[in-house]
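Trainee: I am new to this structure and would like to learn how to read its features. Please show it first.

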Amino acid sequence: MTIFSTLVMQMIKSTAYFINSIIKEISDAYYWSKLPNNEFTKKGFVIIENFLDSDLCDELVQVGIENSKEKSQMIADNVWINVRAEAADGKDSKVKNIFNFNLLNKKLDNLINSNVLTEKLEAQLGDKVILKTCSLQIDEPDTRTKRSWHVDRNPPPTFKAFIYLTDVDSELEGPYCAIPRSHKWRVKRLLNIFTNIVTGAKRSDMHRYIGERDDYFLAKKGTLIFSTQTLFHRGSPKHEKKTRYMLINYFKAEKYDDGKEFELGKPEEWMMN
Ligand SMILES: O=C(O)CCC(=O)C(=O)O
Ligand SMILES: [Fe+2]
């Protein structure tokens, strides 16, 4: 009887999640229809070259190297490192993130406090956004455990500003990959969600029903990429050589922000890869 009622509860919850997902897609379609029509809103991302000075990129890589650790821990007041090798799912095992990384470097902190990223993203999106945290991501080569195509969370959208701190000159050096326009692939997203529910996979996995894809972009250090995180995206699965250092700034649309501060020591699910 208890197993039966647990099963029934689970089915009710899953059905509710799926119905809610359909409603969210409809309101997401409405959200995007109100935004200006430009490259960013159409493709879901935009690439801006030479955003950050090359010397500052090198300096920040050094700060990252000096503060990298083998285990998750606090590094300074309100700054911590998350070591993905500790995660139970075994995914992205070569990834480390330092959150509130700007607090470790005055020049970067000034840049973050100047609001330039927020203003530039708002100009692309045509809507207000809130910067939740600036992080440094360190990616060692990994061809085995990289998470495949996914969204960071299902709608409403979140956004990221990626800034490469090292050159990514080949597919083997771990480029960020995103499928243009996939933030509006509503049926494919729902089909994936449905399959994830049935198979017990993560609800944000999006690697099915999209065929073999090979979308990636190479860029020099200092390149800024604004990206909508309901796009189907991944880190390159062919990352064979060279550690990639990249700033990742996390944004929410103001109207979908809960106003909570980014939680100390514990990234929320929407912030994870
Ligand atoms: O490693 C990458 O390029 C992808 C990272 C990612 O999925 C994310 O930041 O949401
Ligand atoms: Fe992601």
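Mentor: Begin with contact: two residues are in contact if their C-beta atoms, placed from the backbone, lie within 7 Å. This is a predicted model, in which local features need pLDDT of at least 70 and side-chain atom pairs count only at pLDDT 80 or more, while totals for chains, interfaces and linings use all residues. Residues are numbered from 1 along each chain as its sequence is written, and chains are lettered from A and ligands numbered from 1 in the order in which they are written.

Trainee: Leaving aside its neighbours within four places in sequence, which residues is Ile-163 in contact with?

Mentor: Ile-163 touches Phe-51, Leu-52, Leu-224, Met-246 and Leu-247 in this sense.

Trainee: How is a nonpolar core read, and how many residues has the largest one?

Mentor: A residue is buried if 20 or more other C-beta atoms lie within 10 Å of its own, exposed if 12 or fewer, and partly exposed in between, with C-beta atoms placed from the backbone. A nonpolar core is a set of buried Ala, Val, Leu, Ile, Met, Phe, Trp, Tyr and Cys residues joined through C-beta atoms within 7 Å. In soluble globular proteins, nonpolar side chains tend to be buried together. Here the largest core has 46 residues, and those with the most contacts inside it include Ile-163, Phe-226, Met-246 and Leu-247. Strand β10 (residues 244-253) gives the largest share of this core, six residues.

Trainee: What is the order of the strands in the open sheet?

Mentor: Strands (E, at least two residues) and helices (H or I, at least four) are DSSP runs, numbered from the N terminus. Two strands pair if DSSP finds at least two bridges between them. The open sheet has eight strands in the order β1-β8-β6-β10-β5-β4-β3-β2, with antiparallel pairing. Its edge strands are β1 and β2 (73-76), each pairing on one side only.

Trainee: Take β8. Are its faces covered or open?

Mentor: Both faces of β8 are covered: Leu-224, Phe-226 and Thr-228 on one side and Ile-225 and Ser-227 on the other are all buried. Strand β8 spans residues 224-228. It pairs with β1 (residues 45-48) in the antiparallel sense over four bridges, where Ile-225 is the bridge partner of Ile-47. With β6 (residues 158-164), β8 has antiparallel pairing over five bridges, and Ser-227 stands opposite Lys-160.

Trainee: How do helices α1 and α6 pack?

Mentor: Two packed helices are described by the angle between their axes and the distance between the axes. Axes are lines fitted to C-alpha atoms, for helices over the stretch in contact, and angles run from 0 to 180 degrees between N-to-C directions. Helix α1 (residues 2-33) and helix α6 (residues 186-199) pack at about 165 degrees, with their axes 11 Å apart. They are therefore roughly antiparallel to each other (angles under 35 degrees count as roughly parallel, over 145 as roughly antiparallel, 65 to 115 as roughly perpendicular and the rest as oblique). Among the residues making the contact are Tyr-17 and Phe-18 of α1 and Leu-190 and Ile-193 of α6.

Trainee: Which loop holds Asn-50, and why is Asn-50 counted as exposed?

Mentor: Asn-50 lies in the loop between β1 and α3 (54-67). Asn-50 is exposed because 11 other C-beta atoms are within 10 Å. Phi of Asn-50 is near 55 degrees, a positive value in a residue other than glycine.
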